[in-house]
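I am opening my notebook to write down what I looked up in this structure, entry by entry.

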Amino acid sequence: MLDESSLARLAEMGIDVYVPLAQERAAARPAPVEMAGIPAPPVPQASVAVDPVHSAPPSPISASSVAVVLIAQSETPKQDAMLDDVERALRFARVECRRSADADESVLLEAGALVLFGERQVRSIGARLPAQRQREIGWIATGEPGVLAGDAQARRALWSELRRVVRLLGSAR
């Protein structure tokens, strides 16, 4: 049967894992009692799936800081869906992320990478972040979520950059 991390990944993709009733009944059966010094025969152990919806989320890269901060302002459901897809992809890669319309300086200083949607966000965050910190972290500067939703080439470039940042964060572990 699948381990807990595999079940959590499947749950994030929207796949439900079901266990046949025979396996559940075998797991619920009490252990046989030893009689007259004769050891009890071993009971075949069936693995019971953990509820993927209520299972623990994947472990973050660092407990003290957020690995990736997504900074964007979304105004339509289509833009929200695009940002949700980026968040889901990062969680699937076991990277902790947080979405914010405008991050404060403490979050910016602790983040391992930034994904900035829109020119206004790039200028605002770039002006507030020290130059040394800008060189240390991974950056992705891309268009507005609404523009990305309609441009396949821009989305492909965003996914490529996200893979690069995930690899960068993975090597820093």
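Which residue stands opposite Ile71 in β3? I found that Leu116 in β3 stands opposite Ile71. The model I am reading is predicted, with local features needing pLDDT of at least 70 and side-chain atom pairs pLDDT 80 or more, while totals for chains, interfaces and linings use all residues. Residues are numbered from 1 along each chain as its sequence is written, and side-chain values use heavy atoms, leaving out hydrogens and water.

Entry on the strands (DSSP runs of E, at least two residues, numbered from the N terminus, as are helices, which are runs of H or I of at least four). I looked up β1, residues 68–71, and saw that Val68 and Leu70 point one way, whereas Val69 and Ile71 point the other way, all of them buried (under 20% relative accessible area with a 1.4 Å probe, protein chains only). In a regular strand the side chains alternate between the two faces of the sheet. Strand β1 runs parallel to β2, residues 97–100, and is joined to β2 by four bridges; two strands count as paired if DSSP finds at least two bridges between them. I noted Cys97 in β2 as the bridge partner of Val68. Four bridges also join β1 to β3, residues 113–117, and this pair too is parallel.

Entry on helix α1, residues 4–12. I listed Leu7, Ala8 and Leu10 as its buried residues. Seen down the axis of α1, these fall within an arc of 165 degrees, so they line one face of the helix (the arc is taken from the directions from the helix axis to the C-beta atoms). Just after α1, I found Gly14 with a positive phi of about 90 degrees.

How values were computed: Buried means under 20% relative accessible area, exposed over 50%, partly exposed in between (1.4 Å probe, protein chains only).
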